[in-house]
Amino acid sequence: MKKSLLVSFLFLCLIVSACAKKQTVTPEDVNDSTATEETNSFAQEPSIRGVEVENNIALETVNFAFDSSAISDEVLVTLKNNVKYLKDNPKVNVVIEGHCDERGTTEYNLALGQKRAVKVKEIYVQLGIKAKRIVTMSYGKEMPIDKRHNEAAWAKNRRAETKAIKK
């Protein structure tokens, strides 16, 4: 009797666990307390599918602190230099690529990379660059520039790159 009761209980547990709802990640699961309207409107940006970027243009990369999209004073100086170049070259359009280090889930890092790219775009727009000249995208942790697994590498990989779009 005890044996059949135990088998029945285990069978019931197996059925319940098999029928349990699969957990999915929703936008609410990602810590996005500082989202702006600009972040939500990135889908309205022009498509850059199939375009190439110029790697020899004098636009500097900026780095971010761990788990952050905040713009530091040092980053702001670099972005102002990039804005000077963009103002001097009004026909140059750019893509801002957001990147993260390898820690965290793919979904989280894609969201954080996008937040970083959008923050840089917001600064460019505030400093006088037309938003229609700027496209943002996130690579998350998929394109590290330093593939080592230590803090020095991770610091290099937490970045936003501004690249000129070839016409």
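Buried means under 20% relative accessible area, exposed means over 50%, and partly exposed lies in between (1.4 Å probe, protein chains only). By that scale, glutamate 151 counts as partly exposed because its relative accessibility is 42%. The model is predicted, so local features need pLDDT of at least 70 and side-chain atom pairs count only at pLDDT 80 or more, while totals for chains, interfaces and linings use all residues. Residues are numbered from 1 along each chain as its sequence is written, and side-chain values use heavy atoms, with hydrogens and water left out.

**Salt bridges**

- Side chains of opposite charge can pair when their charged atoms come close.
- The whole structure contains 10 salt bridges, each defined as a side-chain nitrogen of Lys or Arg within 4 Å of a carboxyl oxygen of Asp or Glu.
- One of them joins lysine 163 to glutamate 97, with the closest N and O atoms 3.1 Å apart.
- This pair links distant parts of the chain, since lysine 163 lies in strand β5 (residues 159-165) and glutamate 97 in strand β3 (residues 94-99), 66 residues apart; helices (H or I, at least four residues) and strands (E, at least two) are DSSP runs numbered from the N terminus.
- Lysine 163 and glutamate 97 are both buried.
- A network of salt bridges links Glu97, Arg159, Glu161 and Lys163.

- Lysine 156 pairs with aspartate 146 in a salt bridge whose closest N and O atoms are 3.4 Å apart.
- Lysine 156 is partly exposed because its relative accessibility is 41%, whereas aspartate 146 is buried at a relative accessible area of 9%.
- Arginine 158 forms a salt bridge with glutamate 151, the closest N and O atoms being 3.3 Å apart.
- Arginine 158 counts as buried because its relative accessible area is 6%.

**Packing of α3 and α4**

- The axes of helix α3 (residues 73-88) and helix α4 (residues 106-126) come within 10 Å and cross at roughly 55°; axes are lines fitted to C-alpha atoms, for helices over the stretch in contact, and angles run from 0 to 180 degrees between N-to-C directions.
- α3 and α4 are therefore oblique to each other, because angles under 35 degrees count as roughly parallel, over 145 as roughly antiparallel, 65 to 115 as roughly perpendicular and the rest as oblique.
- Leu76, Leu79, Asn82, Val83 and Leu86 of α3 meet Val120, Ile123 and Tyr124 of α4, where contact means heavy atoms within 4.5 Å.
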